[in-house]
Amino acid sequence: MHRQILGGLAAASLIFGGWAATATRAADNLPIDAKAYQKAVDKAIAYLEKTQNENGSFGKQPTPAITAICLDGILKTGRSVDDPMVAKALKFVIGFVQPDGGIYSKDSPVQNYETCLCLLGLHEANQAGRFTKTIKNAEAFLKKIQWTDDKTTDPADFKFGGAGYGREGRPDLSNTGFLMDALKATGNGPDDPAVKAALVFISRCQNLESEHNTAPFASKVNDGGFIYNPIGKGESKAANTPDMPEGALRSYGSMTYTGLKSMIFAGLTKSDKRVKAAVGWVEKNYDLDSNPGMGKAGLYYYYHTFAKALNALGQDEITDAKGVKHNWRQELLKELISRQQPDGSWVNDTDRWLEKDSSLVTGYVLMTMSYCKPK
């Protein structure tokens, strides 16, 4: 009798255990609804509220850029400009407005980067025109430091149209992508000279040989993806694979989505061969586990460019190289929520580009989630 009872319990365990496993797998396929989305957002904002510095900044390094990223994310996901946490952050950011119109730390080597991000944060907070003058001055500053012909940069020069950290060194696609975000936010359309010039630089960052890019590296890979900058022999942050020809530069995820989004902001449509080639790269390299070509480096920056680009593209599904259709918003939400820490934050174990700073990464994620809100 005892043996029969144990046997019955074991059988029941198998039956109900199997049912539970099946139920879990079924639950994994359920969509993230508005309630689950809001729960994740609320936990993240509570984390930022708890860890905000006394001076209103966020992050280990109290810079205007990191604070602006968090501010942008907090506002995009529903907090009001009247919220005390938001008010403190705004006061901190405004404290970095410079006489030249830029918004950056004194003697900052990353003036474009900081000004773009601060402009975007203030744009989200600009109720009743409170920050309109500051935003317009910042816009003028950004156009002034762009590499254009009035700065003795000839259109034939591969620096032309790009934005760098400032007017020193060289421009790159990451900074130019932030410039395009700022220009879009301030109402600059495809006919604006700064947007036109930026598109020249952006096109030259694409691994696509055409009349828009005659750089030697463009024909070596020709996969439609993007690199970091096209100047000289060009530069990619992604290491080449052994099978790549000499002089080739590997396309990678975060820059490809930055390039795609920026081209759409510059007025290119899905029929343009540059956009078609970029979308082709996206389809072949669809990935939410890593930043393609970079692994975990810059993963959360990648998630943000991924979401912003596909939102701009206006395409709800991506069909990958195997013919599988992906609802990218739902899949990205699931990935992000699965990575949220118990305290509500997100953090990257790989430190590159400051992604071990949980405030920075949590700000990135809130901005990203704003493009994925369930209806």
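This is a predicted model: local features need pLDDT of at least 70, side-chain atom pairs count only at pLDDT 80 or more; totals for chains, interfaces and linings use all residues.

**Helices, rings and buried spots**

Reader: How far apart are the axes of α3 and α4?
Author: These are helix α3 (residues 64-76) and helix α4 (residues 84-94); helices are DSSP runs of H or I, at least four residues, numbered from the N terminus. They pack at about 145 degrees, on a scale of 0 to 180 degrees between N-to-C directions, with axes fitted to C-alpha atoms over the stretch in contact. The axes are apart by 10 Å.

Reader: Which residues of α4 make the contact?
Author: Contact means heavy atoms within 4.5 Å. On the α3 side, Pro 64, Thr 67, Ala 68, Leu 71, Ile 74 and Leu 75 take part. Facing them from α4 are Met 85, Val 86, Ala 89, Leu 90, Phe 92 and Val 93.

Reader: Is Ser 359 buried or exposed?
Author: Ser 359 lies in helix α14 (residues 358-369) and touches residues including Tyr 47, Phe 58 and Cys 70. Buried means under 20% relative accessible area, exposed over 50% and partly exposed in between (1.4 Å probe, protein chains only). Ser 359 has 5%, so Ser 359 counts as buried.

Reader: And what is the relative accessible area of Leu 183?
Author: Leu 183 sits in helix α7 (residues 173-185). Leaving aside neighbours within four places in sequence, Leu 183 is in contact with Lys 143, Asn 188, Ala 194 and Val 195. Leu 183 is buried, at 1%.

Reader: Which ring does the charged end of Arg 204 sit over?
Author: The rule asks for CZ of Arg or NZ of Lys within 6 Å of the ring centre and within 35 degrees of the ring normal. Lys 237 lies over the face of Tyr 228, at 4.5 Å from the ring centre. The charged end of Arg 204, 4.5 Å from the centre, sits over the ring of Phe 158.

Key
Residues are numbered from 1 along each chain as its sequence is written. Side-chain values use heavy atoms; hydrogens and water are left out. Helices (H or I, at least four residues) and strands (E, at least two) are DSSP runs, numbered from the N terminus.
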